[in-house]
Amino acid sequence: MSNTIDVRNPATGELIATIPADSQESINAKLKAGYEAFKTFSKTTAYERATLLNRWAELILEHQEELAEIMTKENGKPLKESRGEAAYTASYLTWFAEEAKRLYGRTIPANSTNKRLLVTRQGVGLVAAITPWNFPAAMMTRKAGPALAAGCTFIVKPAEDTPLTMIRLLELAHEAGIPKDVIQIVNGRGADVGPLFTNSPYVRKITFTGSTPVGKQLIKESADTVKHVSMELGGHAPFIVCEDADIDYAVTQAIASKFRNAGQTCVCANRFLVHESVIDEFSEKFAQAAKALKVGNGLEEGVDVGPVINKKGFDKITAQIEDATAKGAKILAGGTTFFDDEKGFYFVHPTVLSNVTLEMNIMQEETFGPVAPITPFKSDAEAVEIANSTPFGLAAYFFTNNYKRGIYFQEHLDFGILGWNDGLPSTAQAPFGGMKESGIGSEGGTEGIEPYLETKFLSIAGL
């Protein structure tokens, strides 16, 4: 295991910090400490835990600007998006502070007068989380919020690209009064830390946000100790525009969904399916809006689209554009890049492709970047068939002002998150999770705390 981790600004390649990586011994010691801390933290009242979560949320909002700047420096997203993520981060804590008080049990009618049947809920134990770089703050509190609300202890490994945001968030958690052994951080490579989490007898639950292949590996490794698992994995979201849609509105939502965080989100629109009667109008307006977006360092005023996180992501994006154009796709906007391998920064201008066919790689593989392929459909059934044709089922969007058509899409699209005339449906009070190979379980909403709870049944006889 490497002793240190270099953190660089993806917009400039500048080294902004070098932090120590946890050794295997250090990680195992932290896991044991979290396991021991559960014995006392699980006995706290829901009201005590809610107070801690609310205080943590208050501190996050008080330090919103500081957190946003850290986020933008290590992640690259525009500062305005980082400010929004800081608020989004706090919202999960305030939501689950309330859910802590709703962990009800129940009494079951018995089949004899001398029995009482009771059901209670309790936290699963120590939770180990692995979070992604693209939302370095919110993806943590979306897990830590329900874990702590349920009385669990929590340990998290952030992405190597973006550990600084997480380090600061944990400092604020401890300042809020959450004991240090109750919420901890470890830093290191996923390949090194993951097996320590999955093999540890102290960990009772693994929660992960990231790629489907890594998620599958974590599920396999967790099987030997029969750990609880929650997985929020890859997506390949369709964005369906029907002939009766408000085209101008659909374009604004498409811009927001596709190019947020430079297209590097698991729920961003990846495949634009547009009815053949309106495809020309939508494509032209969408391309013009994409051209108007300012690309650059997220710390600069007015920037809408920041850098791609690293060379690996950049190479995949450019390869998909090259494959599409070689197979006949036309570039309506973007298609250009600027980068410096030596300094280590990579930018892709917002790109809109027309004449896209299903044989192109970009229609079959998730695109983690600012590229929007547009393909036509003739009927609602065809749109659904194309949309459902991948192994993924995280998010889907459809735009129509016909309520019958909207209900048809809601019932036939195999995705866990749907936006009807809404390109940004995610919110703390609603469940967030996928179908098929896009995950197991939901985060957020009343459903979000369920994966952190055990159910205990008690039968009392002889009354």
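Predicted model: local features only at pLDDT ≥ 70, side-chain atom pairs only at ≥ 80, totals over all residues.
Biologist: Salt bridges next. How many in the whole structure?

Modeller: The search finds 27.

Biologist: What does Glu-232 pair with?

Modeller: Glu-232 forms a salt bridge with Arg-142. The closest N and O atoms are 3.0 Å apart. Glu-232 is in strand E9 (residues 228-232) and Arg-142 is in helix H5 (residues 138-149), so the bridge ties together parts 90 residues apart in sequence.

Biologist: Are those two buried or exposed?

Modeller: Both Glu-232 and Arg-142 are buried.

Biologist: Which residues are linked with them in a network?

Modeller: Lys-143 and Glu-443 are linked with Arg-142 and Glu-232 in a network of salt bridges.

Biologist: What about Lys-157, which side chain does it meet?

Modeller: Lys-157 meets Glu-160 in a salt bridge, at 3.2 Å from N to O. Lys-157 is buried, with a relative accessible area of 2%. Glu-160 is partly exposed, at 32%.

Biologist: Over to Glu-58. What is its partner?

Modeller: Arg-55, again through a salt bridge, 3.2 Å from N to O.

Biologist: How accessible is Glu-58? And Arg-55?

Modeller: Glu-58 has 41% relative accessibility and counts as partly exposed. Arg-55 has 30% and also counts as partly exposed.

Biologist: New topic. Where is Asn-261?

Modeller: Asn-261 is in the loop between helix H9 (247-259) and strand E11 (269-275). With 3% relative accessibility, Asn-261 counts as buried.

Biologist: What is Asn-261 in contact with?

Modeller: Leaving aside neighbours within four places in sequence, Asn-261 contacts Asn-75, Lys-77, Glu-81, Trp-133 and Asn-134.

Biologist: Glu-81, then. Where is that found, and what does it touch?

Modeller: Glu-81 is in helix H4 (residues 79-99). Not counting residues up to four places away in sequence, Glu-81 touches Phe-259, Arg-260, Asn-261 and Asp-304.

Biologist: Which side chain of opposite charge is nearest to Glu-81?

Modeller: Lys-77, at 5.2 Å. Glu-81 is buried yet has no salt bridge. The cut-off explains why: a side-chain nitrogen has to be within 4 Å of a carboxyl oxygen.

Biologist: How is the chain divided into domains?

Modeller: Domain 1 is 4-233 + 438-461, and domain 2 is 237-420. Their C-alpha centres lie 31 Å apart. Domain 1 gives 23 residues to the contact and domain 2 gives 26.

Biologist: How much area do they bury between them?

Modeller: About 2000 Å², with 57% of it on carbon and sulfur atoms. Pro-10, Trp-133 and Ser-438 supply 26% of the area that domain 1 buries against domain 2, more than any other three residues.

Biologist: How many salt bridges and polar contacts between the domains?

Modeller: The count is one salt bridge between domain 1 and domain 2. Seven residue pairs are in polar contact across the interface.

Biologist: Which helix gives the largest share of the domain 1 side?

Modeller: H3 does, with five residues. Helix H3 (64-75) and H4 each supply at least two residues of the side that touches domain 2.

How values were computed. Residues numbered from 1 in each chain as written. Heavy atoms only, no water. Buried < 20%, exposed > 50% of the residue type's maximum accessible area, 1.4 Å probe, protein only. Helix = DSSP H or I, 4+ residues; strand = E, 2+ residues; numbered from the N terminus. Contact = heavy atoms within 4.5 Å. Lys, Arg positive; Asp, Glu negative; His and termini not counted. Domains from an automatic or database assignment. Buried area = accessible area lost by both parts, 1.4 Å probe. Polar contact = N/O pair within 3.5 Å; in protein donor to acceptor, adjacent residues only side chain to side chain.
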